[in-house]
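Reader: Hello! Could you walk me through this structure, starting from the ligand and then moving on to the backbone and one of the helices?

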Amino acid sequence: MRAVTWRAYGSPEVLTIRDVPVPEPRDGEVRIRTVATTAHIGDTRIRRADPFAARLAFGLLRPRRDLILGLELAGTVDAVGRGVSAFAPGDEVLAFCGFSRLGGNAEYRCLPAEGGNLPKHGAVVRKPASLSFAEAAALPTGALTALKNLQKARLGAGGSILINGASGSLGTYAIQLAKHLGAEVTAVCSARNRDLVAGLGADAVVDYEAQDFTRLGPRFDVVYDAVMQSSPRACRGLLRPGGVHVRNAGLARITNDDLTHIADLAAQGALRPVIDRVLPLDDVVEAHRYVETGRKRGHVVLTM
Ligand SMILES: NC(=O)c1ccc[n+]([C@@H]2O[C@H](COP(=O)([O-])OP(=O)(O)OC[C@H]3O[C@@H](n4cnc5c(N)ncnc54)[C@H](OP(=O)(O)O)[C@@H]3O)[C@@H](O)[C@H]2O)c1
């Protein structure tokens, strides 16, 4: 099967598509034939070993030989291992691939069918029928991270939140999740993304090039700096007494229930991935270059 691999940490050009053996599902695993996967910002960081400590997980001097890139995918179950009752061949699924082996950027990936340690080994849920494979592939990582941030901040109905970086992967999910919770959303983005974030439900939009959002006054229960471009200190004046500033750190562990929850929200129409570009797997280098511009809206998808 074709898979995205790399033999040295570095720029997007280190990526190559290699032929590797199709994996066999072990007991308790399903094998998924990938239809779509993503070029995720996390993949770009793992590719270049940023932060340096990533080498402890993925290979000290160079990426481990068995490593295939890709944090997430959507596809069809094509084989099941012994003891699997939750899925059958033909089921359409989406999956988070887990940090121990990654592997979403490949034609096939075996993953545990039930329970377990999602951050490490990954997890699989049924694809909501309302989502295309491209949309479903882009759901897990960003939506789970945005969800954990809003949970950490204890955002609830009637609360007000400012989301910086509202047009990116995390921001586009955070807007939708916050609106689903019944919160009032102020989205910070550039003028070109105003319509996008308003369309996702933002109640107010602030163009960060025209206005310094840190001077909006103490109006928010939560400031979520999804793009991590502001300091808690600079945002102090935005918070009501007891307000919280979050920025993708110190989050609670992501569970299988969280993955089921975001898939359910997508099935209900409360959460829809924003897709910027869909490229063939062959264009993975170009996809990484684009993700690293920091200008994408939502997600970049790779198709088989
Ligand atoms: N995505 C995830 O699942 C995830 C998980 C954990 C951690 N992270 C980290 O969280 C950060 C954000 O990730 P992401 O995937 O959401 O990023 P992203 O999708 O790459 O963010 C790109 C978006 O941010 C906007 N943007 C760029 N500079 C901005 C600024 N100064 N102020 C406001 N908006 C700005 C861009 O639009 P304009 O240029 O038009 O403004 C673009 O739409 C990254 O540092 C990433 O490593 C991401």
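**Ligand shell, backbone and a helix**

Author: Gladly! The shell around the ligand takes at least three residues from each of domain 1 (2–139 + 273–303) and domain 2 (144–246). Please keep in mind that this is a predicted model.

Reader: Which residues come nearest to the ligand, of the 27 around it?

Author: The shell around the ligand counts 27 residues. The elements giving two or more residues to this shell are α1 (41–47), α5 (140–152), α6 (169–181) and β9 (184–189). Those that come nearest to the ligand are S167, G168, S169, L170 and S190.

Reader: How many polar residues does the shell around the ligand have?

Author: Let's go through it by class. Charged residues number four and nonpolar ones eight. The polar residues in the shell number 15.

Reader: Where is the cis peptide bond that involves P51?

Author: P51 sits in the loop between α1 and α2 (54–58). The omega angle of the bond is about 10°. The cis peptide bond joins P51 to D50.

Reader: What span should α8 have, at 1.5 Å a residue?

Author: The expected span is 1.5 Å times one less than the number of residues, and α8 has 13 residues.

Reader: Within what arc do the buried residues of α8 fall?

Author: An α-helix has 3.6 residues a turn, so residues three or four places apart point the same way. In α8 the buried residues are D258, L259, I262, A263, L265 and A266, while D257 and Q268 on the other side are exposed. Among what covers the buried residues are β5 (92–96), α3 (118–121) and β7 (123–126). Seen down the axis of α8, the buried residues line one face of the helix, because they fall within an arc of 155°.

Technical notes. Residues numbered from 1 in each chain as written. Predicted model: local features only at pLDDT ≥ 70, side-chain atom pairs only at ≥ 80, totals over all residues. Near = placed C-beta within 6 Å. Helix = DSSP H or I, 4+ residues; strand = E, 2+ residues; numbered from the N terminus. Nonpolar A, V, L, I, M, F, W, Y, C, P; charged D, E, K, R; others polar. Domains from an automatic or database assignment. Buried ≥ 20, exposed ≤ 12 C-beta atoms within 10 Å, placed from the backbone. Arc of directions from axis to C-beta. Contact = placed C-beta atoms within 7 Å.
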